[in-house]
Amino acid sequence: MLVLSRYVDESITFGPESMCTATVRDIQDNVVRLQISDVPPDVVLSTKTKSVVSSGDPMEFVVSRDEDLKVEFREHGGEVQIIFVHSRYHKVRLGVDTPKEWPVHRKEVYDAIRREAEREG
């Protein structure tokens with residue numbers, strides 16, 4: 001599991017081929033509100049209290065110490081789990097557990113990787 005620190009409006013990217021984005025929208029004590037976007041259709045997103053199938057539109061989820069977010073990519077045979085680790089001073093630490101071959105990046109790092117690939121390609 002990779003643990004990343006994020007502030008409000010900062011993002012992480014994850015997933016198999018197309019990179020999904022989880023953006024921190026709000027942090028309150030032991031709860032973080034995430035906006036999940038760029039999710040391919042038919043991917044299942046679930047917590048203990050909510051389960052939806054992606055339509056491709058951005059969705060919001062609340063993640064806490066008691067409620068992780070699972071993103072199940074059935075077509076690719078794997079899932080991503082986003083885990084609330086800790087929050088302090090308007091910063092949250094999120095654990096991201098994925099299959100080993102799937103990349104996880106801070107959004108700014110992923111954007112730099114894409115720019116470099118476009119320059120070389």
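These notebook entries record what I looked up in the structure above.

**Basis**

I worked from a predicted model, in which local features need pLDDT of at least 70, side-chain atom pairs count only at pLDDT 80 or more, and totals for chains, interfaces and linings use all residues. Residues are numbered from 1 along each chain as its sequence is written, and side-chain values use heavy atoms, with hydrogens and water left out.

**Entry 1: the nonpolar core**

I began with the nonpolar core, defined as a set of buried Ala, Val, Leu, Ile, Met, Phe, Trp, Tyr and Cys residues joined through side-chain atoms within 4.5 Å. For burial I used relative accessible area: buried is under 20%, exposed is over 50%, and partly exposed is in between (1.4 Å probe, protein chains only). Which members of the largest core touch the most other members? I found Phe14 and Val32 in that position, in a core of 27 residues. I then listed the strands that each supply at least two residues of this core: β2 (11-14), β3 (20-28), β4 (31-37), β7 (59-64), β8 (69-73), β9 (78-88) and β10 (91-97). The largest share, four residues, comes from β3. Strands (E, at least two residues) and helices (H or I, at least four) are DSSP runs, numbered from the N terminus. As background, I noted that nonpolar side chains tend to be buried together in soluble globular proteins.

I took contact to mean heavy atoms within 4.5 Å. Leaving aside residues up to four places away in sequence, I found that Phe14 touches Met19, Cys20, Thr21, Ala22, Val71, Phe73, Val80, Ile82, Pro103 and Val104.

**Entry 2: rings**

Phe73 lies in strand β8 and Trp102 in the loop between β10 and β11 (104-106), so the pair ties together parts that are 29 residues apart in sequence. I noted both Phe73 and Trp102 as buried.

I also found Lys50 over the face of Phe61, at 4.7 Å from the ring centre. A charge counts as over a ring if NZ of Lys or CZ of Arg is within 6 Å of the ring centre and within 35 degrees of the ring normal.

**Entry 3: salt bridges**

How many salt bridges does the structure hold? I recorded seven, each being a side-chain nitrogen of Lys or Arg within 4 Å of a carboxyl oxygen of Asp or Glu.

- Glu60 and Arg33 meet at 2.6 Å, N to O. This pair links distant parts of the chain, 27 residues apart, with Glu60 in strand β7 and Arg33 in strand β4. Glu60 is partly exposed at 35% relative accessibility, and Arg33 is partly exposed at 30%.
- Glu10 and Arg6 meet at 3.6 Å, N to O. Glu10 is partly exposed at 26%, whereas Arg6 is buried at 4%. I traced a network of salt bridges linking Arg6, Glu10, Arg106 and Glu108.
- Glu116 and Arg119 meet at 3.2 Å, N to O. Both lie in helix α1 (residues 107-120), three residues apart, about one turn of the helix. Glu116 is partly exposed at 34%, and Arg119 is exposed at 63%.

The Thr23 side chain makes a polar contact of 2.7 Å with the side chain of Ser11. A polar contact is a pair of N or O atoms within 3.5 Å; within protein, one must be able to donate a hydrogen and the other to accept it, and residues adjacent in sequence count only if both atoms are side-chain atoms. Beyond four places in sequence, Thr23 touches Asp9, Glu10, Ser11, Arg33, Leu34 and Gln35.

Ser37 lies in strand β4 and is buried at 13%. With residues up to four places away excluded, Ser37 touches Cys20, Thr21 and Pro58.

Arg88 is in strand β9 and is exposed, at 51%. The Arg88 side chain is joined to that of Tyr89 by a polar contact of 3.4 Å. I also noted 9.0 Å between the C-alpha atoms of Arg88 and Ile27, which are 61 residues apart along the chain.
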